[in-house]
Amino acid sequence: MDRISEFKALLAQPKNIVIVTHFKPDADALGSTLGLAGYLRRKGHQVHPITPSDYPGFLAWMPGHETVHAVQKDKPETLQHARHLIGRADVIFCLDFSSLKRIEDLESPVREASAVKVMVDHHLEPENFAKFSYWDVKCASTAQMIYELIVMLGERDLIDNHIANCLYAGLMTDTGNFRHNNVTAREFQVAADLTALGANPSEVARQIYDTNSVERLRLTGFVLSQRMHVLPEYNTVYMTLTAEEMRQHGSQTGDTEGLVNYGLSIKGIKMSVLMYDRKDEIKFSFRSLGDFSVNDLARKHFQGGGHRNAAGGSSKQSLQEALQHFLSILPEYKDALRKPI
Ligand code: 5GP
Ligand code: MN
């Protein structure tokens, strides 16, 4: 981060701080939020973490999660309260996103707030809205950036086991368990230091991966056996899921997370796509291998973005129409998709 001493001075006195992360937060979004919240609280600040939606049950073990104010679409008073907190904040941290439209109903309250805004993120093509930006696309996770920031501020010693577990969770999941091509020696060094500071890797992994509901596992089985289609000419896999199918399987928030990765586990597949009905829109999850950029594809055709090998997007069409649209753009990428990984 530039102007680190100015930033340090900002946090030198107790402040009223809001931390916001993206809609439908994943482990990196919530882990970086709660890790930072823990650190700021230890420094004597008043901290209000806010999420623009609910978050998956497999994150509800994170220390401090009970302090999160989650906006719920069907409860306007929750948005009202979030507006109130944002309106009276001195500082607003925006974590794990860099385009304000990713916080949905909180976009205009944050945009209009008079607070000092701080952005910490690792997604491509950021919007310039913050006074302080710490932005690094080479960093595998935002949680790791929060660790780096605390170290830069000379306060590594304030990282306790609760903070370390939250940050480790974001690092573990955004690297796909240290498997993705965003993993360098640095990621292992940060993981090692977080472990030395009290993070418990096996317990974090258990909480995130081994707390499935039976319904979630059956939904995975259903999609893989009935709703996964392979397009060998494009080295592509796509999966679809209707709102009714999710209802029939008793799906909860987060149940589709990770599903798209199964497509990439097939030999020779270069792109995997999951499209599912969120009722008010169709959500796309894209994953790719090598130099094929799903960020570019999502940005160009589905109002989305993310990283080169993991991106998301959305469509206001029906699921059938969104699927047809997706299939219609594939010829544009045929050469790139057929190039060996
Ligand atoms: P996921 O497929 O797991 O929802 O998201 C993959 C990556 O793309 C994540 O880093 C996520 O933050 C980002 N992403 C997901 N949806 C969107 C979107 O609609 N717009 C943008 N800009 N990024 C997204
Ligand atoms: Mn992230």
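Contact means heavy atoms within 4.5 Å. The model is predicted: local features need pLDDT of at least 70, side-chain atom pairs count only at pLDDT 80 or more, and totals for chains, interfaces and linings use all residues. Residues are numbered from 1 along each chain as its sequence is written, chains are lettered from A and ligands numbered from 1 in the order in which they are written, and side-chain values use heavy atoms, with hydrogens and water left out.

**Exercise 1.** Place Asp-280 in the fold and list its contacts beyond four places in sequence.

Solution. 
- Step 1: find the element. Asp-280 sits in the loop between β9 (271-277) and β10 (282-288). Helices (H or I, at least four residues) and strands (E, at least two) are DSSP runs, numbered from the N terminus.
- Step 2: Asp-280 is partly exposed, at 43% relative accessible area. Buried means under 20%, exposed over 50%, partly exposed in between (1.4 Å probe, protein chains only).
- Step 3: list the partners. With neighbours within four places set aside, Asp-280 is in contact with Lys-73 and Lys-316.
- Step 4: Ser-318 is 38 residues from Asp-280 in sequence, and their C-alpha atoms are 9.7 Å apart.

**Exercise 2.** Which residues coordinate the manganese ion (ligand 2), and how are they spaced along the chain?

Solution. 
- Step 1: name the donors. Asp-28 (OD), Asp-96 (OD), His-122 (NE2) and Asp-174 (OD) coordinate the ion at 2.1 to 2.4 Å. Donors are N, O and S atoms within 2.8 Å of the metal (3.2 Å for Na, K and Ca); water is not among the atoms, so sites may look incomplete.
- Step 2: read the spacing. It is D-x67-D-x25-H-x51-D.
- Step 3: locate one pair. Asp-96 lies in the loop between β4 (91-95) and α4 (107-112), and His-122 in the loop between β5 (116-121) and β6 (132-135), so the pair ties together parts 26 residues apart in sequence.
- Step 4: check burial. Asp-96 and His-122 are buried.

**Exercise 3.** Describe the surroundings of His-123.

Solution. 
- Step 1: His-123 is in the loop between β5 and β6. His-123 is buried, with a relative accessible area of 12%.
- Step 2: find side-chain polar contacts (N or O pairs within 3.5 Å; within protein, one must be able to donate a hydrogen and the other to accept it, and residues adjacent in sequence count only if both atoms are side-chain atoms). The His-123 side chain meets that of Asp-121 at 2.7 Å and that of His-307 at 3.3 Å.
- Step 3: widen the view. Leaving out residues up to four places away, His-123 touches several others, among them Asp-96, Phe-97, Arg-102 and Trp-135.
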